[in-house]
Amino acid sequence: KTIFVLNGPNLNALGKREPGIYGGKTLADIEADCIAAGLELGFTVDFRQTNHEGMLVDWLHEAGEKAVGVAINAGAYTHTSIALHDAIRAIGVPVVEVHISNVHAREEFRHTSMIAPAAKGVICGFGPHSYILALHALKNITQ
Ligand code: DQA
């Protein structure tokens, strides 16, 4: 059973990007943690990052064919992308929206998610552990 963990723009800069908000872990650290947690939960984790909106659309479609679920941190596209909303609706597998920071405790423009209404649920504010919580949620809803 494969879970896609998809990451959007600027998440490749984790570790050096606003560490006061996002912490000191790099995306490679988070990938290793997700792969390890996936193993315990019985999932193969396919972990990816792109700065391009259309690539996330393509990967969501691919997940619809190959994965049992998706955890997605769409970064700033969360707040703008109708295309991601539509892609999530277009696929038959559950999608969990993930954020490292508590977007509701930040700027007003981060309080709206275009993808949350299409997602199964949303996890935010627990630092990199948000990803692990998303994997547990996917375990719970896919078994
Ligand atoms: C983020 C929150 C978004 O508002 C922001 O644009 C990001 C990261 C998070 O994980 O906290 O790039 O998705």
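Helices (H or I, at least four residues) and strands (E, at least two) are DSSP runs, numbered from the N terminus. I noted that this is a predicted model: local features need pLDDT of at least 70, side-chain atom pairs count only at pLDDT 80 or more, and totals for chains, interfaces and linings use all residues. Residues are numbered from 1 along each chain as its sequence is written.

Is Tyr77 buried or exposed? I found Tyr77 buried, because 20 other C-beta atoms lie within 10 Å. The cut-offs are 20 or more for buried, 12 or fewer for exposed, and partly exposed in between, with C-beta atoms placed from the backbone.

I then listed contacts (C-beta atoms, placed from the backbone, within 7 Å). Leaving out residues up to four places away in sequence, Tyr77 touches Gly8, Pro9, Glu53, Leu56 and Leu84.

Next I checked H4 (residues 82-90), where Leu84, Ala87 and Ile88 are buried. Seen down the axis of H4, they fall within an arc of 100°, so they line one face of the helix. I took the arc from the directions from the helix axis to the C-beta atoms. Ile82 and Ala90 are exposed on the other side of H4. Helix H3 (53-66) and strand S4 (95-99) are among what covers the buried residues.

Last, I looked at the ligand. Its surroundings are Asn10, Asn73, Gly75, Ala76, Thr78, His99, Ile100, Ser101, Val103 and Arg110. A residue counts as near if its C-beta atom, placed from the backbone, lies within 6 Å.

Technical notes: Two residues are in contact if their C-beta atoms, placed from the backbone, lie within 7 Å.
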